[in-house]
Protein chains: 2
Amino acid sequence: MPELDFDVITLGHGSGGRLTNDLLEAGVFRLFQNKELQQRHDGATLDIKGRIAFSTDNYVISPVFFPGSNIGELAVNGTVNDLAMCGARARYISLGLILEEGLKMEELWEILAAIKISAENTGVSIVTGDTKVVEKGKGDSIFINTTGIGEVHPRSNINIDRIEPGDAIILSGPMATHGIAIMTMREGLKFESEIRSDTRPVHLMALKLIESLGDNIKMLRDPTRGGVATVLNEISRQRKLGVELDENSFPVNRQVAAACEVLGLDPLYVANEGIFIAIVKESVSGQVIDILKTFKDGKEAVQIGKITREHAGKVYVNSSIGGKRVAGMLAGEQLPRIC
Amino acid sequence: MPELDFDVITLGHGSGGRLTNDLLEAGVFRLFQNKELQQRHDGATLDIKGRIAFSTDNYVISPVFFPGSNIGELAVNGTVNDLAMCGARARYISLGLILEEGLKMEELWEILAAIKISAENTGVSIVTGDTKVVEKGKGDSIFINTTGIGEVHPRSNINIDRIEPGDAIILSGPMATHGIAIMTMREGLKFESEIRSDTRPVHLMALKLIESLGDNIKMLRDPTRGGVATVLNEISRQRKLGVELDENSFPVNRQVAAACEVLGLDPLYVANEGIFIAIVKESVSGQVIDILKTFKDGKEAVQIGKITREHAGKVYVNSSIGGKRVAGMLAGEQLPRIC
């Protein structure tokens, strides 16, 4: 952390004047230095080739520090992942901060440091940004917007309209981990070992699938808010096809499953940060799983179901105890401010 | 406004589940329909040619409805203008909403409608977005992030390093209007006629200058928070040159000037939304003003000063009553949450 003559954020830091300048010079610009930021302009100009992907996310997670990570890392990984779901490699990210008056500089610095490390790990540059400050009680510590630009892989042909009956639905890793990490923290539940958020970049796995299997990869989505069930409901409604899932196949870590039971939650609806759903041509399903398993974060990749012509617009689950149930969209708010 | 079965925003609208879906389908997607949004994906894929500009801004203005406009129009114009300052024509915008629980749908709808109209007026498409909801008392009605991608004009060569002693500093229109509109509203001050914010797109003026005069246009900046003085201080510090301004030349509307007097504010430090500073080669100064005057919003364009080799890093003002004074950066917070 740099030497600063202030240790909390004040409204003056959002003035656009001297204090904003001090904060940016001492913190942001020094931390994220690159030739685009160097220009100190209202925006960055960039050279980029071919088709691009563009994605935005606001992060309002509470608390901002949580088991395994903080809002800064989440904000970078989340946007890198959203771009990967578009078949793109993230290149540039903008950083919009809304700070609450009274935020400790020490906390802000820890979050910015996490952003820097995550950006380096994923190969993206923070090229432009904006900082605003709101009065105490008009925000909550820190909200972050990251918006990213990525280069679409030339072999990518991701398009919901390409999904057909018979396509396999693959999940890259165990579900419900992020949501349960946040919820057990909020509820003060204790397990043998701490349940940590699964926030992590998944772009290398996603891009490897596209690189290897091209347009056999028809759809990629990361099941964040609303979980796996909600994403699959959206897809089935929009594509007017059915989804059939096999509950026996669902990958859920033992402790996460136990926490779901205690909390009365269905892991299908719990938020994730470090996994994705791939909808792929049936014939490459095995190859997809094999490729994912070559990655540390893909060891538990598994086919969880398939696309069907029947029961269009609905997600059916073949229950582990026999029988079928409909898994609708998440109704109401299971867990506010999960990301 | 569409028929909805809810009239205020609840936490469930941020769940990512059914209520989020209802809000997006009934509101956002229907309002902003285009082929990118149609994909309902985590991001948009776009075709864009040549060099791009990329800019982000959070809008946290309070109140969200103010004389002359609302936060929605401000959020579109602001990002279109930031891109124009990079010599670019805005093409695509992302929309990140942070809604406070309890926000009236009627208000949200009015803001979204303003976004739609401003986007149409400026020729940009809203191609991707994100909506989050925070608990009552953890936000303030609505915060908006807009991040934009623009195509840089092929003749643009905007770069702070190209500024040289002798360059002319042109202001495209009267200063201090936005800040004074917000402040008189907050303070309940009354004038003969209402002072309205000057929020408006300035991209046509900026791009016309570049189109006509190419690299004679060395720098463009819109003096929002911190006003004209703060932007010129940033430039003079970074470029290590001086700035000399002529107070007699400053364009300020009569009522705005009167309000500044009443409130004890120096218009040089008050926020603007609908004007910009152009730093141009001295020899084209007259042409720049002539071109700006062909636009309705450029009728009061004027040269307010010049770049000097002397007093590097400082902004001097030749006062209207004789004598010279230094105009430093805005210190402290003159007016919180102005944009």
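# Exercises on a Predicted Two-Chain Model

Over all chains, the count comes to 45 salt bridges, a salt bridge being a side-chain nitrogen of Lys or Arg within 4 Å of a carboxyl oxygen of Asp or Glu. The model is predicted, so local features need pLDDT of at least 70 and side-chain atom pairs count only at pLDDT 80 or more, while totals for chains, interfaces and linings use all residues. Residues are numbered from 1 along each chain as its sequence is written, chains are lettered from A and ligands numbered from 1 in the order in which they are written, and side-chain values use heavy atoms, with hydrogens and water left out.

## Exercise 1. The interface

Solution. 

Step 1. Contact means heavy atoms within 4.5 Å.

Step 2. One of the salt bridges joins the side chains of Arg221(A) and Asp42(B), at 3.5 Å from N to O.

Step 3. Strand pairing also crosses from chain to chain. Helices (H or I, at least four residues) and strands (E, at least two) are DSSP runs, numbered from the N terminus, and two strands pair if DSSP finds at least two bridges between them. Strand 2 (residues 52–59) of chain A pairs with strand 1 (residues 44–46) of chain B in the antiparallel sense, over three bridges. Within strand 1 of chain B, Leu46(B) is the residue opposite Ile52(A).

## Exercise 2. Arg221(A) and its partner in chain A

Task: Which residue of chain A meets the side chain of Arg221(A) in a salt bridge, and is Arg221(A) buried or exposed?

Solution. 

Step 1. The partner is Glu234(A), at 2.8 Å from N to O.

Step 2. Arg221(A) belongs to strand 9 of chain A and Glu234(A) to helix 7 of chain A; the pair links distant parts of the chain, 13 residues apart.

Step 3. Buried means under 20% relative accessible area, exposed over 50%, and partly exposed in between (1.4 Å probe, protein chains only). Arg221(A) has a relative accessible area of 7% and is therefore buried. Glu234(A), at 21%, counts as partly exposed.

## Exercise 3. Helix 6 of chain B and the loop residue Asp297(B)

Task: Which residues of helix 6 of chain B are buried, and where is Asp297(B) placed?

Solution. 

Step 1. Helix 6 covers residues 203–213 of chain B, and its buried residues are His203(B), Met205(B), Ala206(B), Leu207(B), Leu209(B), Ile210(B) and Leu213(B).

Step 2. These buried residues pack against several elements of chain B, including helix 3 (71–85), strand 5 (88–100) and helix 4 (105–122). After helix 6 comes Gly214(B), with a positive phi near 50 degrees.

Step 3. Asp297(B) is found in the loop between helix 9 and strand 12 (302–308) of chain B. Neighbours within four places in sequence aside, Asp297(B) is in contact with Ser172(B), Arg200(B), Pro201(B) and Met205(B).

Step 4. Asp297(B) also forms a salt bridge with Arg200(B), the closest N and O atoms being 3.5 Å apart. Arg200(B) lies in the loop between helix 5 (177–187) and helix 6 of chain B, so the pair ties together parts that are 97 residues apart in sequence. Arg200(B) is buried, with a relative accessible area of 19%.

## Exercise 4. Strand 12 of chain B

Task: How many bridges join strand 8 of chain B to strand 12 of chain B, and how many join strand 10 of chain B to strand 12 of chain B?

Solution. 

Step 1. Strand 8 (residues 168–171) is joined to strand 12 by four bridges, running antiparallel. Here Ile170(B) stands opposite Gln303(B).

Step 2. Strand 10 (residues 242–246) is joined to strand 12 by four bridges, again antiparallel. In this pairing, Leu245(B) has Gly305(B) as its bridge partner.
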